[in-house]
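Good morning, and thank you for coming. Please look at the model on the screen while I go through a few of its features.

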Amino acid sequence: VQLQASGGGLVQAGGSLRLSCAASGSISSDTVIGWYRQAPGKQRELVAAITSGGGTNHAGSVKGRFTISRDNAKNLVYLQMNNLKPEDTAIYHCKIETGGYDYWGQGTLVTVSS
């Protein structure tokens with residue numbers, strides 16, 4: 001299983017970005033895909049996750065600003081990030097839980113300037 005994250009970049013506070021995570025390989029029909037982030041000097045934290053059935057969970061710090069969604073047919077998961085804040089600056093990773101295993105993609109850097 002491989003994950004490819006993309007969509008990061010530099011944006012001003014209040015701006016928007018959409019991250020994409022493309023999954024490939026042997027993926028079961030029952031999966032959970034999540035976006036995590038790690039800021040310099042901080043622990044990695046869950047940002048949002050989505051199940052195969054569309055159930056979602058968003059961290060309190062991003063509720064109302066970020067939305068996770070997925071296209072099961074294309075094995076794509078998106079993270080729409082609106083009203084970005086400088087504290088959202090981090091490397092964002094996607095992770096898939098499938099077949100009893102976790103797989104991580106490489107990160108994509110999001111930098112929010114004030």
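In which strand is the place of Lys95? Lys95 belongs to strand β9. Before I continue, please keep in mind that this is a predicted model.

Is Lys95 buried or exposed? Its relative accessibility is 9%, and residues under 20% are called buried, so Lys95 counts as buried. The side chain of Lys95 also has a polar contact, at 3.5 Å, with the side chain of Glu97. Leaving aside residues up to four places away in sequence, Lys95 touches Leu3, Val32, Ile33, Gly34, Tyr36, Asp102, Tyr103 and Trp104.

How many disulfides does a search of the whole structure find? The search finds 1 disulfide. Cys21 and Cys94 are the residues joined, with an S to S distance of 2.2 Å. Cys21 is part of strand β3, residues 17–24, and Cys94 is part of strand β9, residues 90–98; the pair therefore ties together parts that lie 73 residues apart in sequence. Cys21 and Cys94 are both buried. The torsion about their S-S bond is about 75°, and the disulfide is therefore right-handed.

I now move to strand β11. In a regular strand, side chains alternate between the two faces of the sheet.

Thr108 lies in strand β11, which covers residues 108–113. With a relative accessibility of 9%, Thr108 counts as buried. A polar atom of the Thr108 side chain lies 3.0 Å from the backbone nitrogen of Gly8. Not counting residues up to four places away in sequence, the residues that Thr108 touches include Gly8, Leu19, Ala90 and Tyr92.

Finally, which strands pair with β11? Among them is β2, residues 9–12, which pairs with β11 in the parallel sense over 4 bridges. In this pairing, Leu10 stands opposite Thr111. Strand β9 is also joined to β11, by 3 bridges, and these two strands run antiparallel. Here Ala90 has Val110 as its bridge partner in β11.

Thank you for your attention.

Conventions: Residues are numbered from 1 along each chain as its sequence is written. This is a predicted model: local features need pLDDT of at least 70, side-chain atom pairs count only at pLDDT 80 or more; totals for chains, interfaces and linings use all residues. Side-chain values use heavy atoms; hydrogens and water are left out. A disulfide is a pair of cysteine sulfur atoms within 2.5 Å. Buried means under 20% relative accessible area, exposed over 50%, partly exposed in between (1.4 Å probe, protein chains only). A polar contact is a pair of N or O atoms within 3.5 Å; within protein, one must be able to donate a hydrogen and the other to accept it, and residues adjacent in sequence count only if both atoms are side-chain atoms. Contact means heavy atoms within 4.5 Å. Two strands pair if DSSP finds at least two bridges between them.
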